[in-house]
Amino acid sequence: MTDSALNSNRPERFDDEFDRLLQTISKLSENGDSETAWPAAAWEAIRQAGVLGWNVPLEFGGADLNPVEMTFGYIRLAEACLTTTFVLTQFNAACQRINWSQDQELKTRVFKELAAGEKFATVGISHLTTSRQHLSKPSVTAERVPAGWKLDGFVPWVTGAVHADYIVTGGVCEEGSQILALVQTDQEGVAPQPPIEMLSMTGSQTGAVKLNQVIVPDQCLIAGPVENVMKRPDGQGGARSLTTSALALGVAGRAIAKLGEEAAKRPDLLEIYQPFNTECEGICAEMFATLKAGTLNGGFSENIRGQSNSLVLRASQALLAAVKGAGFVKGHPAERAIREAMFFLVWSCPQPVVHANMKEFACVLD
Ligand SMILES: Cc1cc2nc3c(=O)[nH]c(=O)nc-3n(C[C@H](O)[C@H](O)[C@H](O)COP(=O)(O)OP(=O)(O)OC[C@H]3O[C@@H](n4cnc5c(N)ncnc54)[C@H](O)[C@@H]3O)c2cc1C
């Protein structure tokens, strides 16, 4: 990306220190094992830079970034390292839901640990929204018991589960309502499964978590029982936000920047690079204009997500085609970008967006 749309929206708090952080994590992501190993060094770097407080409210010692700041930060970080940034989004998703709790004491204690990086939190919520919705039996059941709530079942997707101290997760009650709770992983019955090997971002150490009759004390109930516990009246709930589009744009921006480096040596590539760059700029500009106008319905735009998905898929392939066989070798930025781009087809992707992407594959014109 030539950066003009992004840079003209650069919030003040993103100073030179942030640029140094980007360089650090970008460098770390070039290490041989960065694809498969947990990004511990990058996580430490973002901890030191205060990034872990981005989604923690001010009153609990965080920085409470506004949506423009958060989106800018996510695009830039994803450009530097998708795995670290993805882990951060799941950590931030946990912070967002912990803040739904009415329990000030719980929030004071937990947010202090999280913002300081002493503890790690993540989410296992897809079974309440997008994943396994076609099955008749809930993945995790919730039952009221004298000591609180009993959660039992299988949480299919939890990023960084084996590193987590807390998992924000939930279950479905007999009559169909849902609860959301903060589960401590050292509680009896919490069993993170070994991380799975994936098409990309294996280093996020994503895996399932078994909940074997885990008793969650009342204090750790975050929300519910209520229908669709992830939906909030203020539009802040659900898996839908601009976060996913921001990460897609970050990866697309990285691929386009590499294409630009190649085009600088091979002018015939300029006619490929320039339209990609213009498209990326356009989506970025639309994203920030929408955020600033406050017109995002429920914090999400299917249009922006569809465009970002399409761009990252096409730009990463164009990069491979441009760099030829060299880009086909394991570890080359082109092959990595292609694998990373695929993630956006499955991550919290609403059906109309996936459908639009598939229609593009099938060359179906509207
Ligand atoms: C790398 C990665 C990390 C993730 N991290 C997290 C995380 O930290 N926390 C979190 O909450 N979520 C996470 N997710 C989950 C993610 O957000 C989506 O919810 C998930 O990708 C949805 O895929 P699924 O296979 O679970 O979907 P499902 O809808 O359960 O589909 C699974 C299979 O079921 C079948 N199927 C689907 N729909 C139907 C139907 N209508 N009728 C019949 N059969 C059907 C298909 O064969 C399909 O392959 C992560 C996902 C990935 C890939």
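**Exercise 1. The ligand shell**

Task: In this predicted model, find which residues come nearest to the ligand and which domains give residues to the shell around the ligand.

Solution. Step 1: the ligand has 21 residues around it, and Ser126, Ser131, His134, Trp157 and Thr159 come nearest.
Step 2: sort the shell by residue type; it divides into nine nonpolar, eleven polar and one charged.
Step 3: look at the secondary structure; strand 1 (121-124) and strand 3 (148-158) each supply at least two residues of the shell.
Step 4: domain 2 (121-226) and domain 3 (243-361) both give residues to the shell, so the ligand lies between them.

**Exercise 2. Domain 1 against domain 3**

Task: Describe the contact of domain 1 with domain 3 from the side of domain 1.

Solution. Step 1: take the bounds from the domain assignment, which gives domain 1 as 4-115 and domain 3 as 243-361.
Step 2: the C-alpha centres of these two domains lie 21 Å apart.
Step 3: 17 residues of domain 1 are in contact with 16 residues of domain 3.
Step 4: on the side of domain 1 that touches domain 3, helix 1 (4-7), helix 4 (67-80) and helix 5 (82-98) each supply at least two residues. Helix 4 gives the most, with nine residues.
Step 5: the residues of this side divide into ten nonpolar, five polar and two charged.

**Exercise 3. Gln317**

Task: Locate Gln317 and decide whether Gln317 is buried, partly exposed or exposed.

Solution. Step 1: Gln317 sits in helix 10 (residues 302-323).
Step 2: count the other C-beta atoms within 10 Å of Gln317; there are 15.
Step 3: burial needs 20 or more and exposure 12 or fewer, so Gln317 is partly exposed.
Step 4: Gly260 is 57 residues from Gln317 along the chain, and their C-alpha atoms are separated by 14 Å.

Notes. Residues numbered from 1 in each chain as written. Predicted model: local features only at pLDDT ≥ 70, side-chain atom pairs only at ≥ 80, totals over all residues. Helix = DSSP H or I, 4+ residues; strand = E, 2+ residues; numbered from the N terminus. Domains from an automatic or database assignment. Contact = placed C-beta atoms within 7 Å. Nonpolar A, V, L, I, M, F, W, Y, C, P; charged D, E, K, R; others polar. Near = placed C-beta within 6 Å.
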